[in-house]
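Take a moment to look over the model below. Then follow the text through it, one group of residues at a time.

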Amino acid sequence: MTTGEVGYSHLFRGVEVNVHETTGDGPLTLRFADGSSTGAELLDDVLTVEPYVTAAGTRIPAKVWPIAERSWYLDRMMLKLGARLPS
C-alpha cells in the first residue's frame, strides 16, 4: 500500500503530506511524526482521512481535506492541504 508521511501528529491547513511510491489516486496509509497512523483515500483533489488516536491519546475524528497543491519530486508526490471541508 502507498504510504504518506506527515511531519506532525495531526493534519492542518498548509501541512504537507509526502507520498511515497505513488501510483496516483487511491488508498494510502498516513504515518505521523509521533508514530501514529491511519488509513486515507486520495481521490481527485480530496484527501479523506479515517479517525485515529495520536501517541498522546488525542482522538482525531474522520476529516476531509482539499488538496491545495500537488507536486512531484523523483518517486514522491507532495500534497499541500487546504482548509478542512465539512465531513
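The paragraphs below cover confidence, the nonpolar core, aromatic pairs, one histidine and the salt bridges.

This is a predicted model, in which local features need pLDDT of at least 70, side-chain atom pairs count only at pLDDT 80 or more, and totals for chains, interfaces and linings use all residues. Residues are numbered from 1 along each chain as its sequence is written, and side-chain values use heavy atoms, with hydrogens and water left out.

Start with confidence. pLDDT is the predictor's confidence in each residue, from 0 to 100. The protein averages 93, and 97% of the residues score at least 70. Confidence is highest in strand S6 (residues 52–53), at a mean of 98. It is lowest in strand S2 (residues 16–20), at 93. Strands (E, at least two residues) and helices (H or I, at least four) are DSSP runs, numbered from the N terminus.

Next, the core. A nonpolar core is a set of buried Ala, Val, Leu, Ile, Met, Phe, Trp, Tyr and Cys residues joined through side-chain atoms within 4.5 Å. Buried means under 20% relative accessible area, exposed means over 50%, and partly exposed lies in between (1.4 Å probe, protein chains only). The largest core has 19 residues, and Leu 11, Leu 30 and Leu 47 touch the most other members. Strands S2, S3, S4 (37–43), S5 (46–49), S8 (63–73) and S9 (76–81) each give two or more residues to this core. Among the residues in contact with Leu 47 are Leu 28, Leu 30, Ala 40, Val 64, Trp 65, Ile 67 and Leu 81, leaving aside residues up to four places away in sequence. Contact here means heavy atoms within 4.5 Å.

Now the rings. A pair of aromatic rings is described by the distance of the centres and the angle of the planes. Rings of Phe, Tyr and Trp (its six-membered ring) pair if their centres lie within 6.5 Å; planes under 30 degrees apart count as stacked, over 60 as edge-to-face and the rest as tilted. The structure holds two such pairs. Tyr 8 and Phe 12 are edge-to-face, with 4.9 Å between centres and 75° between planes. Tyr 8 is partly exposed at 45%, and Phe 12 is partly exposed at 29%. How are the rings of Phe 32 and Tyr 52 arranged? Their centres are 4.5 Å apart and their planes at 10°, so the pair is stacked. Phe 32 sits in strand S3 (residues 26–32) and Tyr 52 in strand S6, 20 residues apart, so this pair links distant parts of the chain. Both Phe 32 and Tyr 52 are buried.

Turn to His 20, in strand S2. His 20 is buried, with a relative accessible area of 13%. Its side chain makes polar contacts (N or O atoms within 3.5 Å, one able to donate a hydrogen and the other to accept it; residues adjacent in sequence count only if both atoms are side-chain atoms). One is with the side chain of Glu 5, at 3.4 Å. Another is with the side chain of Arg 76, at 3.3 Å.

Last, the charges. A salt bridge puts a side-chain nitrogen of Lys or Arg within 4 Å of a carboxyl oxygen of Asp or Glu. The structure holds two. Asp 25 pairs with Arg 70 at 3.3 Å. Asp 25 lies in the loop between S2 and S3, 45 residues from Arg 70 in strand S8. Arg 70 also meets Asp 45, at 3.6 Å. Asp 45 lies in the loop between S4 and S5.
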